[in-house]
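I list here what I looked up, in the order I looked.

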Amino acid sequence: MTLRIANCSGFYGDRLSAAREMVEGGPIDVLTGDWLAELTMLILAGNRLKGRPGYAPTFLRQVEDVLGPCLDKSIKIVTNAGGLDPAGCAEAVHDLATRLGLSPTIAHITGDDLTGRPLDLTNADTGEPLTATPLTANAYLGGRPIATALAAGADVVVTGRVTDAALVTGPGIWRYGWGPGDLDQLAGSVVAGHVIECGCQATGGNYAFFQDVPDLAHCGFPIAELNADGSAVITKHPGTGGLVSVGTVTAQLVYELGGPRYLGPDVVARFDTITLTDDGPDRVLISGVRGEPPPDTLKVAVNYLAGYRNTMTLVLTGLDVEAKARAAQDALWARVPRDSFDRVDVELTDSGLLRITVMDADERRAGRAFSSAVVETGLASYPGFYALTPPGNATPYGVYWPVLVPASEVHPRIFLNGNELPPPAEAPGTSDPPDPQHAIIATASATETTGEAQTSLVGPSVAEQASAVEPQVGVRVPLGWIAGARSGDKGGNANLGVWTDTQERYDWLAAHLTPDTLKSLLPTLAPHRIDRYELPNIKALNFVIHGLLGRGVAASPRMDPQAKALGEELRAKEVDIPPHLRD
């Protein structure tokens, strides 16, 4: 029987009514919610330093609406809202239930918190060593502890840092009894989890072709109908706004993606094996996903406090905008020398906004000493001077620092109504190798990349095949006429996924949109290494732009610190597209 897993939160701050909408809108078996972006762990750490909860209190507001109905309908609740304090969150759920006159069985999972443990703090992305003291260090756990808690009778499962997809994989293991060797089934659940983890982004939210989405203002949240073989149908409740289509699912598949091998603690899911099929109105079937054994390491999200920052934004209008920007900076640095700060970032946007950000270990230097100096230039600067922000104090900022730890050194602990359960039978990273017939033989892909060659399951790359095609005279139009895009953050890196709807358009896209072309269209990417990955099965390309976001979203001085708009910037660029591809 299909397991219907509904999402009600894509981030800390998502729509509070979503839990009630999912429980009341139609039949579901599991209600999940994702609260923990990389930035969220730092936010929760700051809250904890101020004496506030280290978990997401908005989860409790949602649970208050639905706990009774979920118990009546036997709907399980699984969430990572426990953040830095899963035990505290579980206790808060217990107190809430008591106040409501309810008696749910509540589980919480710990073991992800490695703060204070000796770790190899080498940055997994850059290879740099970290000398600062971590404020938080949390390993990404998988779905098996969640499955253990559900099997023991939990009505509510609260976790700390787990992978986003674990919220779907865990219930899948519980319902279908998948073992560590059931790699394809596990991989399918990971893909389904990746699709629904960000809430309405799977149902038309933030979609490149948003004009095609009906009633976006009342967008419904997604549901994954997970099957025993790991396949899943992505859908939403009837009567809700939004859209589930091959396009909206593809958009979410390429969101915050690296290469085609999607590593996790339960399995490595091969995104270059996904098949998407239209299964009717607002229904898309995901099938064919292949899995490989998980790595013997787990990713650990480390955060540390790095200093103080301050930003002032000036508006430049009329003529000679670049000259005005130089005049504004000359006036400022005459009052506070630029080299007196640890770091300075200046960004002049196409819309005429001049953002000046300073970072420094000294709170006073980055505070009023800087922001007041900007304002003091107001009558001795460029014509039309005005600022969007008043002078203010500096604020502390943190840095996200990914590291790896041997999976054998991380031990999840599961508590049911306060009593500890035996650990899962199989620890992450210790599964037996798959049956030889299951092994996937990967070949080097000819996809163009400025990094190392990547692996593919599809033989010769589309770029290689298309290189012999006779070039056609193109017509300069925005790339977005034939291609969608979605972008996001991966620590200090950004990802940019681009997809299209027909094989012919994809062949052209793969042949023409190279890392060098991308840099020419978006010059701000020029200093950065870019890796390109082909996903011909879903007619998509994915680009990883290394270092674009510096030390991660919390430390990035960019106006768009999570690179959310990068895809739309690319779609607006004009390129030579053959006329027959525009129809």
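Which strand gives the largest share of the lining of the second largest pocket? I find that strand 15, residues 343-348, does, with 5 residues. I keep in mind throughout that this is a predicted model.

**Entry 1, the pocket.** I looked up the volume of the second largest pocket and got about 630 Å³. I count 24 residues in its lining. Nearest the centre of this pocket I note E347, L348, T524, R558 and E569. Sorted by class, the lining comes out as 9 nonpolar, 8 charged and 7 polar residues.

Rolling a probe the size of a water molecule over the atoms shows where empty space is left. My search of the whole structure for cavities of 30 Å³ or more returned 5. I took the second largest cavity, which holds about 50 Å³ of space. Its lining has 13 residues, and C8, L31, F59, V63 and I77 are the closest to its centre. I then asked which elements give two or more residues to this lining, and found strand 2 (30-33), helix 3 (58-73) and strand 3 (76-79). Helix 3 gives the most, 4 residues. By class I get 9 nonpolar and 4 polar residues in the lining of this cavity, and no charged ones.

A pair of aromatic rings is described by the distance of the centres and the angle of the planes. Over the whole structure I find 9 aromatic pairs. For F209 and W499 I read 6.4 Å between the ring centres and 85° between the planes, so I log the pair as edge-to-face. Where do the two residues lie? F209 is in the loop between helix 7 (183-196) and strand 7 (222-226), and W499 is in strand 25 (residues 493-499), so the pair ties together parts that are 290 residues apart in sequence.

I also checked accessibility. W499 counts as buried because its relative accessibility is 4%, whereas F209, at 21%, counts as partly exposed. The cut-off for buried is under 20%.

Next I looked at Y382 and F385, an aromatic pair with 5.4 Å centre to centre and 50° between the planes, which I log as tilted. Both Y382 and F385 are buried.

I went back to F209 for its other contacts. Ring pairs link F209, W499 and Y207 into a cluster. What sits over the ring of F209? I find the charged end of R571 there, 4.9 Å from the ring centre.

Terms used: Residues numbered from 1 in each chain as written. Predicted model: local features only at pLDDT ≥ 70, side-chain atom pairs only at ≥ 80, totals over all residues. Heavy atoms only, no water. 1 Å grid on protein atoms, 1.4 Å probe; cavity = no way out; pocket = protein on both sides within 12 Å on 5 of 7 lines; lining within 4 Å. Points joined across faces, edges and corners; volume = space filled by probe spheres on them. Nonpolar A, V, L, I, M, F, W, Y, C, P; charged D, E, K, R; others polar. Phe/Tyr/Trp six-rings, centres within 6.5 Å; stacked < 30°, edge-to-face > 60°. Buried < 20%, exposed > 50% of the residue type's maximum accessible area, 1.4 Å probe, protein only. Lys NZ or Arg CZ within 6 Å of the ring centre and 35° of its normal.
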